[in-house]
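This report goes through one structure part by part. Look at the sequence and the 3D view first, then read on.

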Amino acid sequence: MDGTGKGGAMIEIAGLEVVFASRGDRVRAVDGIELAVAEREAFGLVGESGSGKSTVLRALCGLAPVSGGRATIAGLPPPRRRDPAFARRVQMVFQDPFSSLHPRHTIDRTLAEPLVIHRLGDRRERDRQVEAALTDVGLDPGFRFRYPHQLSGGQRQRVAVARALMLEPQVLLLDEPTSALDASVQAEVLNLLSRLRRERGLTFLMVSHDFAVIDHMCDRVAVMQGGRIVETLDHAALARRQVREDYTRRLLEASSAHAPLALQEEGGA
Amino acid sequence: MANVLPSPWRAWLTSRSPRSRRQAWLGQLYLGWLALLRNPLALLGLAIVLALVLAAAAAPLLASQDPLAQSLPDRLLPPGSPGHWLGTDEFGRDLWSRVVHGARVTLYIVLLVVVTAPVFGLAVGTAAGYFGGLVDVVLMRLTDVFLAFPRLILALAFVAALGPGIENAVLAIALTAWPPYARVARAETLTVVRSDYIAAAQLQGAGSLRIITGHVMPLCLSSVIVRITLDMAGIILVAAGLGFLGLGAQPPLPEWGLMISSGRKFLFDQWWVATVPGLAIFVVSLGFNLLGDGLRDVLDPRSAGR
């Protein structure tokens, strides 16, 4: 219906390079990666810290510089300055819910702000949407006028998810959305994300260092090392542990070493 | 001490689930107030500041005489004289009445400076911190130029250029008072500008103006408010200094610095003429400083929990 890429891909990355330069020091964080994510697909990026996986997400939405190659979402390049059209297509959920919500804004203000920026609805309509958004992510409307410091980590991340969905985007970029949370809360938030993706037909690009999380959420996964993709696996191959690279095998072993998450479909929300 | 409010109000203010924006905001304010109550020195400072405001508001009622009425037979009466409990100055004007009316002048100067200098400094500092690069360099070097001059000297130069008078004194003080606010605001901005909630606001399509005023400024505000209260003493002193040098308020206006200046001639024989307004300056400056210290404990985001 709208400018998705030619091959039906929602997210297309071709030869993407991200180089951070500071005082003569050049760090090649992303070194030429190719990636295509279909509409409504959930795609995972996995790798150690420093492998450049988060930088890919930040480059896609204009928070990191694109030094070479191409990266588009729904045909749109990363916005260089403010870009309302991009904001309504693509939103991001950040890793740490303790730093992704403004400490002096009530939940109400945080959730209503995207609507105010895009001049959607009048005050009454916005009030209704904020309450609906809270209910949708499994929070009581009584949370509406609290400040972030009055919420737990899991509740904050639910608010962050609700904020990302206020503009009804098609694509959600998830930057380790559960790594700052306790194991039990992780499962709740992941189940919430799975449900929302099903209900709204969202496309996910999710970054994690944890194969268990990726396995639960994603249809396909790319393994990153040193700014490059070393291997791409689909869900079935991952389940059978059919991996080609030693690096992937080591990551898999590291992930299964700590207790597997008690992830059930649609668990306690 | 904390249980001064009837309990239904307190329950409403401390509710975990406020039902409106105003209730949430007032609740935060109430918690800040409770924190301030735990600091007796800050309360003393607050009491002094409130006393200043009251004295200024009710000056005609508190004053026993007309502050400008001269009476040569009553000149230089010592404190405790009938009708003049703080004594009189060289024109026989009642010192108590002049000090009380002087509170108006002082408060007027302080308020005018407060609504100009910090606002300007905040705007400059947040813009410099948020945009960075060339904007930052230009704005902060400009700030450095203003900071390079001692405050009173720069104010003197401005007043000399603009002409003496209370409005020009305010203008000169405001022009010399903004750079520290710009510095503070820029430092605060730099600590928050890379944070995820700013990135989130950018991703939502918020413009720079909205982010600076709605997201960055509220976080700088507490440092700036603390800085203002601590700065008040300095502002009062510069205003008094300008008055003392004859460049601020002009006679016969009952301005404290001007009163000290005229009392200087009699300091050895009639000490009270200069001492009474001097004590007023001292007490009010102390009050603002105590309040500022207390507010820093309450408002500083680093000392408060997350």
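## The contact between the chains

In this predicted model, the contact is formed by 24 residues of chain B together with 29 residues of chain A. On the chain B side, three helices each give at least two residues: helix H2 (21–37), helix H9 (196–203) and helix H10 (208–244). The largest share of that side is supplied by H9(B), with six residues.

Sorted by class, the side of chain B that touches chain A holds nine nonpolar residues, nine polar residues and six charged residues. For the model, the ipTM score is 0.85 and the pTM score is 0.81.

## Overall layout of chain B

Chain B contains twelve helices and zero strands. The C-alpha trace of chain B spans about 75 × 55 × 25 Å along its principal axes.

Helix H8 (residues 166–192) of chain B has 27 residues, and the reach from its first C-alpha to its last is 39 Å. That is close to the 39 Å expected at 1.5 Å a residue.

How far apart are the end C-alpha atoms of H10(B), which has 37 residues? They are only 45 Å apart, whereas a straight helix would reach 54 Å at 1.5 Å a residue. H10(B) has a bend of about 50° at Met217(B). A proline, Pro218(B), follows within four residues of that bend.

## How H3 packs on H5

Two packed helices are described by the angle between their axes and the distance between the axes. Helix H3 (residues 40–57) of chain B packs with helix H5 (residues 95–131) of chain B at an angle of about 110°, and their axes are 7 Å apart. Angles of 65 to 115 degrees count as roughly perpendicular, and H3(B) and H5(B) are therefore roughly perpendicular to each other.

Which residues make this contact? From H3(B) come Leu52(B), Val53(B), Ala55(B) and Ala56(B). From H5(B) come Val100(B), Ala103(B), Arg104(B) and Leu107(B). By class, the residues of the contact of H3(B) with H5(B) are seven nonpolar, no polar and one charged.

## Backbone details

Some places in the backbone deserve a separate look. Just after H10(B), Gly246(B) has a positive phi of about 80°. Further along, Pro251(B) and Pro252(B) are joined by a cis peptide bond, with omega about 5°. Pro252(B) is located in the loop between H10 and helix H11 (256–263) of chain B.

In chain A, Arg119(A) has phi near 50°, which is a positive value in a residue other than glycine. Arg119(A) is in the loop between helix H3 (107–117) and helix H4 (123–136) of chain A.

## Confidence of the prediction

Chain B has an average pLDDT of 87, and 96% of its residues score at least 70. Among the elements of chain B, the highest mean pLDDT (93) belongs to helix H6 (residues 133–147). The lowest (80) belongs to helix H1 (residues 7–13) of chain B.

Chain A has an average pLDDT of 85, with 93% of the residues scoring at least 70. Where in chain A does pLDDT stay under 50? One such stretch is residues 1–6 of chain A, for which the model has ten contacts beyond four places in sequence. Another is residues 264–269 of chain A, for which the model has ten contacts beyond four places in sequence.

Note on methods. Residues are numbered from 1 along each chain as its sequence is written. Chains are lettered from A and ligands numbered from 1 in the order in which they are written. This is a predicted model: local features need pLDDT of at least 70, side-chain atom pairs count only at pLDDT 80 or more; totals for chains, interfaces and linings use all residues. Two residues are in contact if their C-beta atoms, placed from the backbone, lie within 7 Å. Ala, Val, Leu, Ile, Met, Phe, Trp, Tyr, Cys and Pro count as nonpolar, Asp, Glu, Lys and Arg as charged, and the others, Gly among them, as polar. pLDDT is the predictor's confidence in each residue, from 0 to 100. The expected span of a helix is 1.5 Å times one less than its number of residues. Axes are lines fitted to C-alpha atoms, for helices over the stretch in contact, and angles run from 0 to 180 degrees between N-to-C directions. Angles under 35 degrees count as roughly parallel, over 145 as roughly antiparallel, 65 to 115 as roughly perpendicular and the rest as oblique. The bend at a residue is the angle between axes fitted to the seven residues ending there and the seven starting there.
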